[in-house]
Amino acid sequence: MKLKELLYKIDYQLLQGSDMIEISNLSYEFNKKLDNFVYVAIVGNNIDGHDYIDDAIINGANVVVVSKNVKVSNDITVIMVNDTNKILSRLSMNYFDNPHEKIKTIAITGTKGKTTTSFMIKNILEKAGYSTGLIGTIGIYIKDKYYESKNTTPISYDILKYIDEMVKAGIEYVIIEVSSQALKYDRVNGILFDYGVFTNLTMDHISMYEHSDMGDYVDSKAKLFRQCKVGIFNMDDAYYKEMVENCTCKVNTYGYSKDAMLRVCKLDLYKEDDNLGINILLDGVVNDKFKVSLPGKFTSYNAMCAIFTCYLLGIDISCMKEVLTNFSVIGRCEAIRINNKGMLFIDYAHNGVSTESILTMIREYNPNRIVTIFGCGGNRSKTRRYEMGEAAFKYSDICIITEDNNRFEEFLDIADDILEGAKGIECEYKIIPDRKDAIKYAIDNIQEGDVIMLLGKGHETYKEIKGIRYPFDERVVINGILNSF
């Protein structure tokens, strides 16, 4: 295609070269060899793509898109724009011929519940006979293909590339988990979603690495509802009003509030041999009973969100019921029966709020003991360690502190921070540095009616230490331990 076609509807300045030259590829990666490609020098938190323009040219770039003045040889076309991060999204739309307009799009944002709700909707749509793709924390799903994802929401080029692949594969719906970072740094810039979904908002991502304060976090999340047609909102959330205040979409609400369009009027917990779950009675736009095979009140919010979304999509109630009755998702309160004595749950809870939420939820089922295995990630906010330590010790009978993704910190330094947060709280605890040993200890010492909570890694299949990711799948580890008896 001609470069000018790629630049369609984009404000730019041609600094040198010609916008009528032929280009074959588009990329934000400077280290990938491609023929005649347009290199977009995006600016990240740690790396500035402008510093690697020479590498991109060596690897085949004949056009560079920049937002800073650069010096390159005269045979390279240079395009100047105001913001390369924003423009990458627009360029990607043009390059892939606007695939997001050829498929139904559902964007889900919120601090907690995005992944569970995404898979609920995906499974219900597929039960109803619709081919559905997903882009999110656990990865990218395109029919029988799976791609790993380093971020909840990939960079804009990759999002459009995956959606284009879905369209070509005949997929009818795509569900995208949209993080606050993706919204803040324009990874979905210019995409008008058919549906935007809000789960909830907590202070999990306030740090020097993410959002400077709650105002920045709220503003980032709220951007989604100025680029979607229909909004589905948790009316009970403390930040509901901020989410809808300047939205341009149609507002639909769910929750326990009497003013919500879909609401729970009765919640019952149930306990089976191999699982904990809930029964809910809904009122409003849907009047029916649902059994959901995940525990706790928080699950009712995820279920309401999925039910309301699928209701708006015209999906039959029977499909929703069948899916939710036997629903599970990897690393999200994922249940494993342990030797007919008790239960183990694998969960991604990795901060104080989510740890408190899941442990108080499990306590409602009256277990014999709650044994919590957890650690905290290195090179992340210490506040998160203090809060997670406090919550785990407060709501557990026994805590086992172990490694998570230590990254470039020493495990014992992280453990000291966790214990600092738990200071003054009476709870039996052990420090077992090796995560496999910690899991084995808990399983070896399980008592009748115990619940073991394995927190922090969830769907992850690695542990990151000193810049290296070592294979570590908790499901494989647990199976190995159980099979050794």
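1. Arg187 is located in the loop that connects helix H6 (180-184) to strand S11 (193-198); helices (H or I, at least four residues) and strands (E, at least two) are DSSP runs numbered from the N terminus. The model is predicted, so that local features need pLDDT of at least 70 and side-chain atom pairs pLDDT 80 or more, while totals for chains, interfaces and linings use all residues. Residues are numbered from 1 along each chain as its sequence is written, and side-chain values use heavy atoms, without hydrogens and water.

2. A polar atom of the Arg187 side chain lies 2.8 Å from the backbone oxygen of Thr153. Beyond neighbours within four places in sequence, the contacts of Arg187 (heavy atoms within 4.5 Å) include Asn151, Pro154, Ile159 and Gln181.

3. Elsewhere, five strands make up an open sheet of mixed pairing, ordered S1-S5-S4-S3-S2; strands pair if DSSP finds at least two bridges between them. Strand S1 (13-16) and strand S2 (25-27) are at the edges with a single partner strand each, so one side of each lacks a neighbour in the sheet.

4. S2 and strand S3 (residues 37-40) run parallel and are joined by three bridges; Leu26 has Val38 in S3 as its bridge partner. Helix H3 (residues 84-95) packs on the sheet and touches S2, S3 and strand S4 (61-66).

Terms used
Polar contact = N/O pair within 3.5 Å; in protein donor to acceptor, adjacent residues only side chain to side chain. Axes fitted to C-alpha atoms, helices over the stretch in contact; angles between N-to-C directions.
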